[in-house]
Amino acid sequence: MKQILITPEIKAMAKEYSKKLFADKTASFVQPVNGLKNLIVDLKEVNDGLEDKEDFIKYLDLIIDRFEHLKDLPPSKFGEYKKDFDAILNPKRLSSLIQVRSKDLPAALIDRNKIPAKSAVFYYEIIDRMQFSSARLYLAPYMQRMGIYTCVYCNDGSTIYSEDSEEAYYHFDHWLPKDKYPFLCICFYNLYPCCSNCNGHKLNGEKGSFQLFEESEEAKDPFVFYIDRKDYQYHKPETLSVTFNSRSINDENLCAEYDEVYRIHQIYNDRSKLVEFQKLLIDIDKHRASYPEATEKSIEGIVDKEKLFYDVLGISGDESIIFTESDKKLKIDTAIDAGLL
């Protein structure tokens, strides 16, 4: 919904994540590279009928060769790496069915032959071998260190992580879809915290695509909320309406598609949300007239700007990241429209 600029601090977090990923696991845990090597063994030994089998093996060899870089690969490199992988194996073949036995294969052939083979989708097997389900728990604390406590798509649903239980009570969406980019399935910059609704709506990963991390430019804020009160009747929140638009004509198509995929209009026009926004407007109207005086004068007993902003909107006034509180973007956009910012 609004981009995050990749600062030196965030780069350091990505490096730290890459270094610590699975480092504390016990010997029984099958490390990604070992799991991928065993998948190569399965391809060689129980996939005699697989067309272009050597291409599948080369694809896995490239993942293994670049594994350390893939964990914190910056977004600017995604396209370059995709070309390299696609040159080895046609992307359509990633959904091919293959025969697999186990992530942890015995060293002796006679023991491997005792394990029955089963069918599996190639790209899904890569994701499983790269231990995505475990990687998300390593990534969750870094998301919170970056101030991401809400779904990055709707800014409404919360993303809760419990340090005590080491559990993330939300989803991680692959910005570039795992069926076409399985080699990026545990990449720091390709996993976005989101609510179950938004993750389910995105599905194919093509429509509504929004790049969260920006490297070289200022973070983009292409969307804007507006609370329309032209038909508003006092204490009748259902007479309010929230619009979700693009700031620029160049982003109109992106905004329309984004709204269609993530149901932003429906979420923010639900009656329960309109009740909250009605209170927001009442509080803004109450404080708007005295706001300049309260923020510009330094008199004992008069609140400072940050405190007043928090009292009015119930959120911090830092606009650099909107994911610290639910609905923060709408509240900031509304405050700007009212002249409070």
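Predicted model: local features only at pLDDT ≥ 70, side-chain atom pairs only at ≥ 80, totals over all residues.
Me: What makes Ser 18 count as buried?
Reply: Its relative accessible area is 8%, and the cut-off for buried is under 20%, so Ser 18 qualifies. Ser 18 sits in helix H1, residues 8–20. Beyond its neighbours within four places in sequence, it is in contact with Glu 68, Lys 71 and Asp 72.

Me: How do you know that the buried residues of H1 are on the same side?
Reply: Those residues are Ile 10, Met 13, Ala 14, Tyr 17 and Ser 18. They cover an arc of only 135° around the axis, and therefore lie on the same side of H1. An α-helix has 3.6 residues a turn, so residues three or four places apart point the same way. Strand E1 (4–5), helix H3 (53–70) and helix H7 (132–145) are among what covers these buried residues. On the face turned away are the exposed Pro 8, Glu 9, Lys 15 and Lys 19.

Me: What makes the span of H1 close to the expected one?
Reply: With 13 residues, H1 reaches 18 Å from its first C-alpha to its last, and 18 Å is expected at 1.5 Å a residue. Just after H1, Phe 22 has a positive phi of about 65°.

Me: What describes the packing of H2 and H6?
Reply: Helix H2 (residues 32–46) and helix H6 (residues 122–129) pack at an angle of about 145°, their axes 8 Å apart. Residues making the contact include Leu 36 and Leu 39 of H2, and Phe 122 and Ile 126 of H6. By class, the contact of H2 with H6 has six nonpolar, two polar and three charged residues.

Definitions and conventions. Residues numbered from 1 in each chain as written. Heavy atoms only, no water. Helix = DSSP H or I, 4+ residues; strand = E, 2+ residues; numbered from the N terminus. Buried < 20%, exposed > 50% of the residue type's maximum accessible area, 1.4 Å probe, protein only. Contact = heavy atoms within 4.5 Å. Axes fitted to C-alpha atoms, helices over the stretch in contact; angles between N-to-C directions. Nonpolar A, V, L, I, M, F, W, Y, C, P; charged D, E, K, R; others polar. Expected span 1.5 Å × (residues − 1). Arc of directions from axis to C-beta.
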